[in-house]
Amino acid sequence: MTTARPLDGRGNEPLLEVDDLRTYFDTPRGVVKAVDGVSLRVDRGKTLGIVGESGSGKTVLSRSIMNLLPKNNTIREGSVRFEGRELTTMKNKEMRTIWGAEMAMILQDPMTSLNPVTKIGDQITESLGIHLGEKGKVAKAHAVDLLKSVGIPAAERRLGEYPHQLSGGMRQRVTIAIALACGPKLLVADEPTTALDVTVQRQILDLLETQQHERNMGLIIITHDLGVVAGRADEIAVMYAGRIVERAPTRELFARTRMPYTEGLLKSIPRLHQPSHTRLAAIPGRPPDLVDPGPGCPFAPRCNYAQDKCLTETPVLAPHAAGHEAACHFPVGTTAGQDALARNLAAGRTAAGTPLDSSTAIATAGAA
Amino acid sequence: MYVLRRLPSLLATLFAVSLLTFLMTSLLPGDPALQILGAENATPEAIAAVRADLGLDDPLPVRYLHWIGDALTGDFGRSYRTNEPVSEAIIDRLPVTAEIGILAIIIALLVAIPVGMLSAYRAGTRTDKLISSTSFGLLAVPNFMVAIFLILIFAVWLGVLPATGWVNFTDNPVQNLRSALLPALSLAIAEMAVYTRLLRTDMIGTLQQDFVTMARVKGVSNRRILFRHALRPSSFSLMTVAGVQVGAIIGGSVVIETLFALPGVGRLLLEAVLVRDLLMVQGVALVIAVSYVVVNFTVDILYSYLDPRISHGRSAARV
Ligand SMILES: Nc1ncnc2c1ncn2[C@@H]1O[C@H](COP(=O)(O)OP(=O)(O)OP(=O)(O)O)[C@@H](O)[C@H]1O
Ligand SMILES: [Mg+2]
């Protein structure tokens, strides 16, 4: 663990420690570098937000951490330690004692993450039976408690219903109840609210937050919407093309953004106080090909600050302040960054050849 | 109830089926009167008399109403050839065909479910490829070839099962099963291959679903995921096609019953067609068609049991 910094409780063993994790897929097109050297750390009771555009590797990262990816065609390096136990070398048999019991997960689409032909009650009591040995009435009573705790009215009746009889928000509450059933120490939520409408989004996020505090659970919220994690995460890691390009405690990240990509993400939130579900398409251009990224900064073709150096040298995460790291040669809000932007503005284009008109540049300068 | 809601459409289908059966059998070439009289006695007068006697000169709608009215009371008329009541002939023969048909489906499912699941679970591996090419191979072999091979192996070489003949269940259950096994197996082979392919495809899709990932991440064992979580949602097309394939099994039983010399409905139909035994053909065809419709209706009901979304209606109130 060289790059990620603890948020507090120095010296304590972290709950989750990911070190230089790489996850590549061997495809006919070539090797897809979906996760390319990610390090991060989550402590008990803390929330880590992972933010990035579609295709930046968030889902692959979360499944790689959870040891859920199929073994064939997948190349995985680096380490994932959960309470000091190395997960990357663990067999499925061993993982099954951790899955559900200590690590749990919620997926993006509550419409598809519940079994359509199984009663909700049975889907909840299943893991109670596996990990806690609860059966029959005991398990049922526990399931009712769980449903109540995630705010589902008429919980007893719901046990006998099928997923299609519930709304999307209610289904996501059920998946949360399932995830929390055996009291996991870490919950990974992969875009838990993307498929839901705005008011329901907020309710689900609030629910996750209260449950996390009550249980002193580590929480990873993955999202493409910086607004989702803005007021909730203790730390935010911004992901681009399979790497973490900026990481900072939430307030620090918003106050002193260093990476031009993060700046772009920030601009795509209309108002910080409004619940936002704006897609991150606001940054012009498309994410790079993960098969053969080539040299230089992967964000350079879309970056207003891009200089010649950005096209040849890949920046690595470098510290800016306590717990704040960014991978950028010309960080936003530094003199180097200001000069780079000014040079590009004068030339009317960036070093990558992207035209730069002054209206974008002014907006950018304003945000910085 | 779902069953009651589906009842009107069942009745409509049965009506259409009876009409079609009647029309198609009535339009078979060849004059039944000629067959009854034989070539030497077939004077034009005699033919006319027989035709009038059988009501063959009435307009088609009248003939249909007569026939279906009687059929509803269980009277399908008498065989032109043997004078045996058609209904009795059918009741005698139906259990044979039903037994080998059901046995064939059970054998096919018993093999196809585990094999299809294994194939999907190991998709892309050598096991999967072996299973896939074997099923394609089996699909390509016609059932009478399968039957001949089976007779060769089990009756001629090993001598463990009879090559032909039938023993009634009530006479000797063990011998009955032995006489049903090879015919059922001959019918089952192709079904097995179809079912395996279907289940494999659907199962691969199901195993990629989020709810399977959710089950894994709950700590559920692979075996339990396959049987408890993935099998039921993967079996919808299998069920449907198994129902539809009953048609293929009935069709196949014509060949297989003839080959194994079994006193079944398939052979009865074949013989009746060959001698233009019109009422027999109509009666057997109607019984077959009705069984087929009823089987598929039952599948439909089972389907709603397998998939709760159907019986509750997809637009059921969402709370
Ligand atoms: N099994 C796989 N084989 C090959 N490539 C894959 C595989 N799974 C994911 N990828 C690729 O990895 C990249 C990252 O995908 P991932 O699903 O992690 O993105 P994401 O950040 O979760 O995006 P989204 O916001 O759309 O969910 C994509 O380019 C995807 O095509
Ligand atoms: Mg994703």
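The points below describe a predicted model of chains A and B.

1. Basis of the note. Because the model is predicted, local features are reported only at pLDDT of at least 70 and side-chain atom pairs only at pLDDT 80 or more, while totals for chains, interfaces and linings use all residues; side-chain values use heavy atoms, with hydrogens and water left out. Residues are numbered from 1 along each chain as its sequence is written, and chains are lettered from A, with ligands numbered from 1, in the order in which they are written.

2. Chain A overall. The secondary structure of chain A comprises 13 helices and 12 strands (DSSP runs numbered from the N terminus, with at least four residues of H or I for a helix and at least two of E for a strand). Of its 368 residues, 55% count as buried (buried is under 20% relative accessible area, exposed over 50%, partly exposed in between, with a 1.4 Å probe and protein chains only). Chain A exposes about 15200 Å², of which carbon and sulfur atoms supply 52% (Shrake-Rupley method with a 1.4 Å probe; for residues, only the protein chains shown count as cover). Among contacts in chain A between residues at least 6 apart in sequence, 66% join residues at least 24 apart (contact means heavy atoms within 4.5 Å).

3. The open sheet of chain A. Eight strands are arranged in the order β6-β7-β8-β3-β9-β10-β12-β11, with mixed pairing (two strands pair if DSSP finds at least two bridges between them). At the edges stand β6 (103–106) and β11 (318–321) of chain A, each of which pairs on one side only. From one strand to the next, the twist averages 20° (axes are lines fitted to C-alpha atoms, for helices over the stretch in contact, and angles run from 0 to 180 degrees between N-to-C directions). Helix α6 (residues 168–180) of chain A lies across β6 and β7 (186–190), running at about 170° to β6(A).

4. Strand β3(A) within this sheet. Strand β3 (residues 47–51) pairs in the parallel sense with β8 (residues 218–223) of chain A over 5 bridges, and Gly49(A) has Ile221(A) as its bridge partner there. Another parallel pairing, of 4 bridges, joins β3(A) to β9 (residues 235–240) of chain A; in this case Leu48(A) is partnered by Glu235(A). Since 5 of the 5 residues of β3(A) are buried, the strand is largely enclosed by the rest of the structure. In a regular strand the side chains alternate between the two faces of the sheet. In β3(A), Thr47(A), Gly49(A) and Val51(A) are buried on one side, and Leu48(A) and Ile50(A) on the other.

5. Strand β2(A) is largely enclosed by the rest of the structure, because 10 of its 13 residues are buried.

6. Salt bridges. The count over all chains is 27 (a side-chain nitrogen of Lys or Arg within 4 Å of a carboxyl oxygen of Asp or Glu). Arg22(A) and Asp20(A) form one, with their closest N and O atoms 3.0 Å apart; Arg22(A) is partly exposed at 23% relative accessible area, as is Asp20(A) at 33%. Lys218(B) and Glu126(A) also meet at 3.0 Å, N to O. That pair crosses between chains, from the loop between α9 (210–217) and α10 (222–234) of chain B to helix α3 (residues 120–132) of chain A, and both of its residues are buried. In chain B, Arg267(B) bridges to Glu271(B) at 3.2 Å; these residues are separated by about one helical turn because they are 4 residues apart in helix α12 (residues 265–274).

7. A nonpolar patch on chain B. Residues including Phe144(B), Met145(B), Trp157(B) and Leu259(B) make a nonpolar surface patch of about 1100 Å² (patch residues have over 30% relative accessible area and no salt bridge; like charges are joined within 9 Å, nonpolar side chains of Val, Leu, Ile, Met, Phe, Trp or Tyr within 5 Å). Helices α7 (143–157) and α11 (236–259) of chain B each supply at least two residues, and the largest share, 8 residues, comes from α7(B). Met145(B), which lies in α7, is partly exposed at 34% relative accessibility.

8. Backbone points to check. Ala154(A) has a positive phi, near 50°, although it is not a glycine; this residue lies in the loop between α4 (136–149) and α5 (155–159) of chain A. Asn83(B), also not a glycine, has a positive phi of about 70° and lies in the loop between α4 (60–72) and α5 (86–121) of chain B.
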